[in-house]
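Reader: I am new to reading protein models, and I would like to go through this one slowly. Could you take me through some of its features?

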Amino acid sequence: MKKFLGKAILRIALTGYMGLLFLLLFANINMLRNNRQDTRNGIMESLESAVERIAVNLNTVNNILYSVYMDNDDFGLLAGGGTEAEEYSAAYELNNTLWMQQTANSCLDGYYIIYGRDASALYKINPEVIPEEDRETLKQVIRNDEGTGQITYRFNLCLESGNCYTVILYREGQVMIAGVCCLSDDLREAVSGKKGDAVIWLPEDESGNNREVERRLKLREVTGSGGDSFIRFADGKTIYGREGSSNIWMIFCEEGAIWSYFTISQIITFAITLISAAAAVVLYRYLRRGIVKPIYQFVNVMEKIQAHSQDAIPDMNMKFYELDLMNVTLKNMVEEIRNQRIQYYEERLNRQEAELKFLLLQLKPHFFLNCLKTMNAMCVDAGMVEMQEFILKTAEHLRYFLQIDRKTIRLGSELDFVRNYVELQNMLTSRKTECEILMEEELEEWIVPVLCIQTFVENSIKHVDPDYCVSGLSIRISINSLMTEWGEVLDIMVSDSGQGYPQELLTALNERYSYEGNSVGINNIKRRCDLLYGERAEYSFYNLDGAVSELLLPPETSESREEET
């Protein structure tokens, strides 16, 4: 059973379209995966940057405090004790030294100096980094430091404000200096621009805020498995972790739905893909009911008509104008076929009568020729030689025109007609016309269009200016065989000694496939050459001491040979 072309085309088109949508959807998913991976890598790189930055900052702060501990005379004076005035002066100078270090190093967010028997305190805090509520808390924690008695000591803590700090202390005698580095500020700066919350978790810190972060994110379970980094999904969030020096964990909680990982263009593309997939299914069902099924009905009806099992088109409800037009047209065609059958038998009855009438019409020109023959016989009896010659040439002229319905003729026959026409014109007018024909004898069998030479000769005789050719008109017909890259062609050139073509007429005559103008005969020759030979025939019209008309004709066509036969 043959397959229905419309249904196959529709299925192939839908399959190709759905395949394209599938590839587009796959590309969107792949872009989402790549974007997601890029986001994860970016966050982990940001946490890694924060870890490295904090390590560098803590090392810088430690070096600043160590240099003061080792080399600063004021620190040594406060450590050894002295008068109250000496201690105050040394503390003042030590404060200036640390203040200059803080100014030069942004990583030193604050410092504390605790000295003397009564534990007096001097400190300088960067208010943009450490809020006011954390200053006294840090001072009390440093005063109550459990590392008392150690020369140097470092600890981390998280305060109720949510900020985490690392404190580095150096102690000797009655003096202690402490440098404060805000870990939260470095972390926030590293992950700026990322969607989510950045927190620091200190496993050894027992403060309430730190415990809340640990409990909420279940960090103890994640970090207990080992490793210095992790990525996990919990409570609708993606949690990233990276461990730094001194058991400090940098935590980032990424928030947002899956759409947040798409760019606007990707969201639009993804939505268009889904809508297009749904629209393709709906369109398939719509086209199947509205177009494919009616066409299938058309095919069935036409098959029945072809098998002569049905001669009428049933009414079909068409939704589209084009299909309804097809239905109406097919109905009209079937009705027309039925009428044509009836007309066929009527025409067969009338054909014989029409053929008889045609034969009668053909007898009329022969009647005129017979009359001319009778006139010629009467002139012979009367001794009228010139009248006899005129009648004979008129008969030859008329006989040639009786075969004018043919398209082509022998070149020799065309030239005989031209000679007869020129002699007949010399008898009719007092103005003499000389016609010179230059041609090789073997070219006489060349097949050419009827009147292709006589038309130009008649044009020269008809339009010559008597004042321009007082002594008579000279016409020259030159016929040659030329070899070109397309093969052998016949070159026919007709020139006269008249005034030539008007310039505006030359422009119209030399325009290809243009048959407008008053030169009906020449335009008729151009049209017939174009129909018989197409681009292979060429024609040219110009003035050279008179009008020149030239035709280049290829060998005869099969059609012209059949006509000649």
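Author: Let us start with a term: rings of Phe, Tyr and Trp (its six-membered ring) pair if their centres lie within 6.5 Å, and planes under 30 degrees apart count as stacked, over 60 as edge-to-face and the rest as tilted. This is a predicted model, in which local features need pLDDT of at least 70 and side-chain atom pairs count only at pLDDT 80 or more, while totals for chains, interfaces and linings use all residues. Residues are numbered from 1 along each chain as its sequence is written, and side-chain values use heavy atoms, with hydrogens and water left out.

Reader: Which residues do ring pairs link into a cluster?

Author: The structure holds ten aromatic pairs. Ring pairs join four residues into one cluster, namely Tyr66, Tyr69, Phe75 and Tyr170.

Reader: How are the planes of Phe230 and Trp249 arranged, stacked or tilted?

Author: Phe230 belongs to strand E7 (residues 229-234) and Trp249 to strand E9 (residues 249-254), so that the pair links distant parts of the chain, 19 residues apart, where strands (E, at least two residues) and helices (H or I, at least four) are DSSP runs numbered from the N terminus. Phe230 is buried at a relative accessible area of 9%, and Trp249 is buried at 3%, where buried means under 20% relative accessible area, exposed over 50% and partly exposed in between (1.4 Å probe, protein chains only). With 5.8 Å from centre to centre and 45° between the planes, the pair of Phe230 and Trp249 is tilted.

Reader: Why does Asn57 count as buried, and which residues does Asn57 touch?

Author: Asn57 has its place in helix H1 (residues 5-71). Asn57 counts as buried because its relative accessibility is 11%. Taking contact to mean heavy atoms within 4.5 Å, and not counting residues up to four places away in sequence, Asn57 touches Cys107, Cys181 and Asp186.

Reader: Which element gives the largest share of the lining of the largest cavity?

Author: A cavity is a set of points on a 1 Å grid over the protein atoms alone where a 1.4 Å probe fits but cannot get out, and lining residues have an atom within 4 Å of a point. A search of the whole structure finds one cavity of 30 Å³ or more, a volume being the space filled by probe spheres set on the points, which are joined across faces, edges and corners. Helix H12 (454-462), strand E14 (487-496) and strand E16 (547-553) each give two or more residues to the lining of the largest cavity. The largest share, three residues, comes from E14.

Terms used: 1 Å grid on protein atoms, 1.4 Å probe; cavity = no way out; pocket = protein on both sides within 12 Å on 5 of 7 lines; lining within 4 Å.
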